[in-house]
Amino acid sequence: MTEFISADTVKTRFWHVLEDGRVQCDACPRFCKLHEGQRGLCFVRQNLDHQVVMTSYGRSSGFAIDPIEKKPLNHFLPGTPVFSFGTAGCNLACKFCQNWDISKSREMDTLMSKATPEAIAQTALEHGCASVAYTYNDPVIFHEYAVDTAKACRKLGLKSVAVSAGYVTPEPRAEFYQWMDAANIDLKAFSERFYHQITGGHLQPVLDTLKYIKHETSVWLELTTLLIPGENDADAEIEEMTAWVVENLGPDVPMHFTAFHPDWKMLDKLPTPRDTLLNARKIALANGVRYAYVGNVHDKSASSTYCHNCGNLLIGRDWHQLSEWNLDTTGHCSFCGTPCAGVFAEKPGSWGARRRNVAMS
């Protein structure tokens, strides 16, 4: 049961007191050591009265309905609308952040929208959404709010979707993912150099999270890698990454290679060429990844799903709009009967590519 200190501040459990009197937050591998009143790098977890509290409960940077493909999730209830929200702050410091106005915010005014977990679940249901996504910034830092919302969603038959960098410690990870139904984890690169120098984090905890989700939970898992020219797009790194995915997670985990555009503190980099994404996809497929996609560029062929057995088109996608649908009611290829990995309804959703902002009363 979440214990409130004020309207938007709640007690947390993942912390301990150090010998010097500071309090260490244990929610993520950053392990921020905080003096009284000090906030962690994430900004929303703070040492208040010698305990770590979360200061953004019930407050959001906004609510919207998106296509599930935008998360991106291509194998989880395709075509359906997902009710999306986030808060402010982040526990990584990615120099290329594409949502920096939210994730790097240090202003509580960013969190003007308010809603209880029950209100979010009810509103999502009323708008015909199949799921709720914890996104825009990382739900690791608003763990208590996300878990309570996921519990409210489950009571109403709604699914929960985590969009995360996977930078989390074992205890909160186990609690969090028991309430999730799907996750897209941002595997930012496959080198410790990249993680340490460009994100302010480390690679191994993310790999541990991926293996945990795949092997210790029933959560549907997909991966996204934003390819940045000269930083994480070398053939050798893509080879190593995709081989690791197949060996450790299996061939059925979809991989999304998406295009970078200059932003935040990496304005000196050029946008990712389309051919770089297609080359990464080619390497992934050659290494045994059955479902590899490109994103942030227009390429219907490389954004669509094909049967790994007979090669026929199963799900056509044009941006986030579904076109062809060649799965039977049980998620098997209509041509050869081979199952397509994922979570599918008897027929696809019809939400399309639109995005709709939602004002919470």
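This is a predicted model: local features need pLDDT of at least 70, side-chain atom pairs count only at pLDDT 80 or more; totals for chains, interfaces and linings use all residues.
Helices (H or I, at least four residues) and strands (E, at least two) are DSSP runs, numbered from the N terminus. Residues are numbered from 1 along each chain as its sequence is written. Local features require pLDDT of at least 70 and side-chain atom pairs pLDDT 80 or more, whereas totals for chains, interfaces and linings use all residues, and side-chain values rest on heavy atoms, without hydrogens and water.

Within α8, the residues Thr-276, Leu-277, Ala-280, Arg-281, Ile-283 and Ala-284 are buried, that is, under 20% relative accessible area with a 1.4 Å probe and protein chains only, where over 50% counts as exposed and values in between as partly exposed. Viewed down the helix axis, these buried residues fall within an arc of 160° (taken from the directions from the axis to the C-beta atoms) and therefore line one face of α8. Their cover includes β15 (220-227), α7 (235-248), β16 (255-259), β17 (292-295), α9 (300-303) and β18 (305-306), contact being defined by heavy atoms within 4.5 Å. The face turned away from the buried side of α8 carries the exposed residues Asp-275, Lys-282 and Ala-286. Just after the helix, Gly-288 adopts a positive phi of about 105°.

An open sheet of three strands is ordered β3-β4-β5 with antiparallel pairing, where pairing requires at least two DSSP bridges between strands. Because β3 (15-17) and β5 (33-34) each have a single partner strand, one side of each is left without a neighbour in the sheet. Strand β4 (residues 23-25) pairs with β5 over two bridges, and Gln-24 stands opposite Lys-33 in β5.
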